[in-house]
Amino acid sequence: MKARLFAGAFLAALLLSPADAAAQLSEKITINGYSSLEFEKLLDDGVGDPHGSLDADLFDLVLNITPAPRLRVAADLTWEHGTATEEAFGNVAIEYAFVEYDARDWLKLRAGKMFTHFGIYNEIHTAKPAFLSVKEPLSTNKNEKFGSDLRFYPRWGSGLAVLGNAHVSNVDLDYVVQLTNGMQENTNPFEEDDNGQKAVTARLRVSPTRTFSLGASVYSDHLTEMNGDGEDGGGRTSWFSYGAHASFVPGALGFEAEYVRGHLDPSRAARTNRWAATAMVYYRIRDRYTPYVRYEYLDPHTGLGDDQARMFVYGVNVRVTQGLYVKADLNTVRSGAANQRFEGARFTEFKAAVAAGF
Amino acid sequence: MRKVVASLALGAMAAAVPTALASSDIAGYRVIVNRANPAEHLAAQDVARLFLKTTRRWDSGAPAQPVDQTLTSPVRQQFTREVLGQTPGQLQEYWLRQTFSGREVPPPVRPSDAAVVEFVRGTEGAIGYVSADLALPTGVKAVTVVK
């Protein structure tokens, strides 16, 4: 008992040293990043971790280099699950690495590997310090882990983007349009496209007031349909998703909601229509303790019955000090019998994380 | 298991107690710019846009260079609440999201009023904030923030 208490307190104390801001090697180079430890345990029979594992979830470094006044090179490097390549453990990844030219506030040009800028969460999906709950919403952002065959959009894309900010009267807005290789089965999508059709992502966010913002996103791609030899069979599956999100923070109370809808339309098979939604309410107490409740719903195929999944998330996020967060939540899942992932399971999982961002 | 999680949270919270996150009780702040900047008045919303980096340029097209004080400094806490309209926690979350999404990084931080003045005096497009009772040297001027 004492040993466990000591270990917990020691670990927490070790993490209590996030810097006030990015490490700034010079006016031209900044280093940011985050680190997180995660814990999950099933409280019933279900789909998840029955053992209560401690996951060295992420160590991440974000580099920003400004070699010239209008030029920025940015990279986000991730080591996931205690990476040890000699043992083939964990994962090392470039989340993004791009060059950005800042022509105007409303016109920046970007080239490289980027997050798919769709909705609220994809662009911060690994960054535990940047959102309240232990995991980002699954139904709208990781729907392949909630009963879908395929995500609503891929995590990343390699290609070009234009983006920017503008102000029209008192309304603030920002936009991004990306042209990328899209997703494919047989080649590295960040190196080589397996068809001529490029993926297009677009997002517009509008903030009529400081407390209220609305966004709309769209993703479109064509997937190559392979023949029995694993070669391009000539057919294409149309992959299309669109969504809307909103946040309203009138004070200590906050609301956030997201809706995504879309389809997969193979050339020689029936179309799959699907949709998902999440809604969250939270309340900041003394700018430190934030209890939250979130509801998630996914219908992975509107033409099929009883394949839906839903989840309630109840939790609390504690901003311990600058950049250090401790959070814990209960995830109660209910699913239909035809749901591919959960197959009718009903269960609750406890999740917790310690995350430091700097 | 529950004990380990509980002790993690307890240990972290206990160690954090000396770091006050409460709102400030200082008399006020002044927004300052480089003497070469023609601005005399700025709308609070425009100041907020400069510090949140959704606007990167002055009306003249010259690059704007906001400079912050440390997160726990009373002057920053008051400026954050009154001009940016956010709590320190909300602002930190904003910058974490901006940074990790690849969009922007926070302004550079200087540890004191004197260091902010020094930065603004030496940087033509700079904008900062300092305690209201600070005597300003040549090369720096205060601008009126209109709400």
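Among contacts in chain B between residues at least 6 apart in sequence, what percentage join residues at least 24 apart? In this predicted model, the figure is 69%.

## Layout of chain B

Chain B is built from five helices and seven strands. Reading from the N terminus, their order is α-β-β-α-β-β-α-α-β-α-β-β. The chain has 147 residues, and 48% of them count as buried.

As background, nonpolar side chains in soluble globular proteins tend to be buried together. Here, the largest nonpolar core holds 59 residues, and those with the most contacts inside it are B:V31, B:I32, B:V47, B:V120, B:Y129 and B:V130. Strand β17 of chain A, spanning residues 346–357, gives the most to this core, with six residues. There is also a second, separate core of 17 residues, with A:L138, A:V260, A:V313 and A:F342 among them.

Let's zoom in on B:V120. Leaving out neighbours within four places in sequence, B:V120 is in contact with B:I32, B:V33, B:N34, B:V67, B:A126, B:G128 and B:V140.

## The loop at B:G125

B:G125 sits in the loop that links α5 (113–122) to β6 (126–131) in chain B. Is B:G125 buried or partly exposed? B:G125 counts as partly exposed because it has 19 C-beta neighbours inside 10 Å, while a buried residue needs 20 or more.

Setting aside residues up to four places away in sequence, B:G125 touches B:W58, B:A62, B:P63, B:A64 and B:Q65. B:A36 lies 89 residues from B:G125 along the chain, yet their C-alpha atoms are separated by 8.4 Å.

Definitions and conventions
Residues numbered from 1 in each chain as written. Chains lettered and ligands numbered in written order. Predicted model: local features only at pLDDT ≥ 70, side-chain atom pairs only at ≥ 80, totals over all residues. Core = buried A, V, L, I, M, F, W, Y, C linked by C-beta atoms within 7 Å. Buried ≥ 20, exposed ≤ 12 C-beta atoms within 10 Å, placed from the backbone. Helix = DSSP H or I, 4+ residues; strand = E, 2+ residues; numbered from the N terminus. Contact = placed C-beta atoms within 7 Å.
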